[in-house]
Each structure stands twice: as C-alpha cells, then as structure tokens.
Amino acid sequence: MADLHSLVDHIYYENRRDYTHVEGDVAYLDGTPLRRPFEMPRTQRVIAIIIVIIAIVIGFMFLNNTVFQAMRETAQAEEMLEANLARQASIETIPPMAQFIKMSDDDIRANLQEAGYNVYDASDPEDPTNMVLYKLPSDVSVEEAAGMYAKGIGSLSAAQAAKILVGSWYLNADRNGWTSMVVRYADFSTGDPEVAVQNALAKEGFDPQAITESGEDDSGNTFSSGTLDADGTACSWKISALPLDEMYSVSGLPEEACYVGIRVTIL
C-alpha cells in the first residue's frame with residue numbers, strides 16, 4: 001500500500017511541476033504552456049479552408065439567385081421600357097377621321113390592310129353596327145395583343161404596357177342609328193393634355209378657326225370641339241385628353257404621358 005501511495009504522489013508532483021512553480025510555501029501557476037505557439041493541425045486546417053470555401057460558394061449562389069437576380073431583372077425591365085418608348089409614336093399613324101367617317105367598315109379594314117398595318121379585329125360578329133379595331137405596333141402579334149388586352153392594360157408591367165401602347169391605337173365605328181367614330185391612343189411625348197389636344201388637332205388637319213368650344217369638360221378632360229365639312233357631309237368633332245395614369249394605373253410609365261381621344265360624328 002505504501003508503494004501505491006508513493007506512486008500516486010510521484011505522479012501528482014511530477015504533473016504539478018509541469019504546470020506550477022514553487023517559491024517557499026507558495027505554488028504559482030506556470031504560464032509557459034500558454035506561451036507556446038498554437039497551430040491547428042494540417043488536416044484540420046484543410047478541412048476549415050474547405051468549409052469556408054463552401055460557405056462562400058453557397059453565399060454567392062444565394063445572392064446571385066436573389067439579390068443579384070432581382071437587380072438584373074430590374075435593369076432588363078428598364079431597358080425594355082426605354083426601348084419600347086423609343087418606337088414610332090401612335091400619333092404618327094392615327095387615321096384621317098374626316099375621311100374614315102364616310103367609309104364603310106369593310107372599306108376601313110381594306111384601307112388599313114393596304115397600309116400594311118397589323119390589325120386586331122375585336123368586333124362582335126353578332127353586332128354589325130359596332131366595329132372595334134386595334135392597330136398594333138409592328139412588333140406585336142395579334143395573339144400577343146389579344147392576351148394583353150384580355151389581361152387588362154392595368155395588370156401589365158410598365159415595359160409590357162409600353163409595348164402595347166406605343167405605336168397602337170383603338171378605333172371604334174358606331175353605326176347604331178347614327179355614324180360616329182372615335183380613335184384613342186397614348187401620347188408619351190407631349191407631357192401636357194392641352195398640348196396633346198393641339199398636336200392631335202394639327203395631325204387630323206382640323207381647322208382651328210372652326211373650334212366652337214374648348215377647356216375642361218364635366219369629366220375633367222381637356223378638350224376642344226368644332227365642326228368640319230367631310231366632302232359635303234357636315235360633321236362635328238371633339239378631341240379630348242387626360243393624364244394616362246387616370247386611364248391606366250401602371251407603375252413605372254412616364255408620368256407626363258397622356259391619353260387622347262378624337263371623335264367625329266355625322267350631323
């Protein structure tokens with residue numbers, strides 16, 4: 001038993017001497033082991049580096065698929081919007097209403113076809129008194145336009161709305177007891193309803209001296225109205241305009257855009 005105690009004491013004091021030093025009756029912790037350089041084993045270093053690399057790759061993939069992807073999509077949408085807004089303006093191809101007012105529906109369709117326009121005919125075949133046509137931008141197919149109109153312009157993105165609105169116009173011929181025609185289009189260049197009305201007046205060739213009334217109507221639209229002689233047929237006309245965002249609520253479209261309507265009616 002004495003030998004066992006001696007062995008235990010020997011182990012204890014040997015270990016104590018490794019980590020303490022004694023001055024008199026006081027034992028102090030020996031800080032030498034703490035001052036030794038600490039180095040991770042090579043295998044563990046390699047594993048740690050691999051873990052860091054994997055974390056970096058995963059983090060980049062996450063950012064690329066979320067933040068960076070959203071930034072790319074936003075930039076692409078802005079580029080598409082700018083490209084669509086830069087196309088030929090709708091007012092450049094609006095029909096001469098003083099001529100169309102005396103034409104039959106079939107003659108109007110033939111006229112637009114001869115002009116090479118891409119036209120979407122939305123007329124109700126069961127209602128021969130009401131013709132509805134959409135002159136489309138040259139880069140929009142009838143199928144694509146039909147889908148956009150069915151979805152609703154207000155439900156489209158700014159780039160999509162600009163794609164269908166820039167270069168297009170709507171024509172309605174109503175022959176239910178009288179003859180009245182209206183063409184409507186978006187104007188992205190004038191920035192002012194009054195200027196949009198003046199531009200439409202000049203484009204249609206209506207005589208400014210024949211204006212009988214102008215100002216703001218009961219609906220808040222800026223307008224001018226007057227009369228004209230369409231090859232011996234007396235007609236009245238009215239041009240009205242309002243901010244486009246009052247017609248379609250599409251975030252991202254130019255705030256200065258206008259929506260213009262030109263109506264001609266046989267008296």
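Biologist: Which backbone oxygen lies 2.5 Å from a polar atom of the Arg-87 side chain?
Modeller: The backbone oxygen of Lys-163. A polar contact here is a pair of N or O atoms within 3.5 Å; within protein, one must be able to donate a hydrogen and the other to accept it, and residues adjacent in sequence count only if both atoms are side-chain atoms. Keep in mind that this is a predicted model: local features need pLDDT of at least 70, side-chain atom pairs count only at pLDDT 80 or more, and totals for chains, interfaces and linings use all residues. Residues are numbered from 1 along each chain as its sequence is written, and side-chain values use heavy atoms, with hydrogens and water left out.

Biologist: Where does Arg-87 lie?
Modeller: In the loop between α3 (67–85) and α4 (97–100). Helices are DSSP runs (H or I, at least four residues), as are strands (E, at least two), numbered from the N terminus.

Biologist: And which residue meets Arg-87 in a salt bridge?
Modeller: Asp-139, at 2.5 Å, N to O. That pair links distant parts of the chain, 52 residues apart, with Asp-139 in the loop between β4 (130–136) and α6 (142–151). A salt bridge means a side-chain nitrogen of Lys or Arg within 4 Å of a carboxyl oxygen of Asp or Glu.

Biologist: How many salt bridges in the whole structure?
Modeller: Six. Another one joins the side chains of Lys-163 and Glu-144 (2.9 Å, N to O). Here Lys-163 sits in helix α7 and Glu-144 in helix α6, 19 residues apart.

Biologist: Why is α7 largely enclosed by the rest of the structure?
Modeller: Because six of the eight residues of α7 (residues 158–165) are buried. Buried means under 20% relative accessible area, exposed over 50%, partly exposed in between (1.4 Å probe, protein chains only). Ala-158, Ile-164 and Leu-165 are among the buried ones, whereas Lys-163 counts as partly exposed at 21%.

Biologist: What follows α7?
Modeller: Gly-167, with a positive phi near 95 degrees.

Biologist: Switching topic: how confident is the predictor?
Modeller: Mean pLDDT (its confidence in each residue, from 0 to 100) is 83, and 81% of residues reach 70 or more.

Biologist: Where does pLDDT stay under 50?
Modeller: Over residues 15–19, for which the model has five contacts beyond four places in sequence. Contact means heavy atoms within 4.5 Å.

Note on methods: pLDDT is the predictor's confidence in each residue, from 0 to 100.
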